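Please consult the sequence and coordinates alongside the text.

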Amino acid sequence: PEEADVLLASGWFAFDAKGDEKTAEDRIAKAVALHPKAKHVHRVLANLRHRQGRLEEAERGLMRAVWLYPDDAAALCDLGHLLGVSGRVSEARRRFQQAVEANNALAEASM
């Protein structure tokens, strides 16, 4: 997991700070390959795809994260946001509600 975390962080930095999509994709995809059942690797790859405008791929990645960990409030929030910006508001609301139910801290924050 440690190596995957380094790959994720350096990949995101390559994209966010340097605009180097190729390096970002290579590093983040390698992290996913190393730990395909780790929820955070799918979230980071999905968020990269979202920022690249590759919304269908982003949604598939977030769905994978939610499938692996149905109570992952962060993945549910990311998915809700993606669905909302895609104009799928009712689906987004449902995912946000699931996130609130999965995490009492979110429930308190939404009040």
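Does Arg49 count as buried or exposed? At 12% relative accessibility, Arg49 counts as buried, where buried means under 20% relative accessible area, exposed over 50% and partly exposed in between (1.4 Å probe, protein chains only).

## Basis of the model

The model is predicted: local features need pLDDT of at least 70 and side-chain atom pairs count only at pLDDT 80 or more, while totals for chains, interfaces and linings use all residues. Residues are numbered from 1 along each chain as its sequence is written, and side-chain values use heavy atoms, with hydrogens and water left out.

## Overall fold

The chain contains seven helices and zero strands, in the order α-α-α-α-α-α-α along the sequence. Helices (H or I, at least four residues) and strands (E, at least two) are DSSP runs, numbered from the N terminus.

The C-alpha trace spans about 40 × 30 × 20 Å along its principal axes. Of the 111 residues, 35% count as buried. Among contacts (heavy atoms within 4.5 Å) between residues at least 6 apart in sequence, 46% join residues at least 24 apart.

## Packing of α1 and α2

Helix α1 (residues 2-16) packs with helix α2 (residues 21-34) at an angle of about 160 degrees, and their axes lie 8 Å apart. The two helices are therefore roughly antiparallel, a class for angles over 145 degrees. Axes are lines fitted to C-alpha atoms, for helices over the stretch in contact, and angles run from 0 to 180 degrees between N-to-C directions.

On the α1 side, the contact includes Leu7, Leu8, Trp12 and Phe15; on the α2 side, Arg27, Ile28, Lys30 and Leu34 are among the residues involved. By class, this contact has ten nonpolar, three polar and four charged residues. Ala, Val, Leu, Ile, Met, Phe, Trp, Tyr, Cys and Pro count as nonpolar, Asp, Glu, Lys and Arg as charged, and the others, Gly among them, as polar.

Arg49 is found in helix α3 (residues 39-51). Not counting residues up to four places away in sequence, Arg49 touches Glu25, Arg54, Glu57 and Ala58.

Ala92 belongs to helix α6 (residues 89-102) and is buried, with a relative accessible area of 4%. Leaving aside neighbours within four places in sequence, Ala92 is in contact with Gly80, Leu83 and Gly84. The C-alpha atoms of Ala92 and Glu56, 36 residues apart along the chain, are separated by 15 Å.

How values were computed: Angles under 35 degrees count as roughly parallel, over 145 as roughly antiparallel, 65 to 115 as roughly perpendicular and the rest as oblique.
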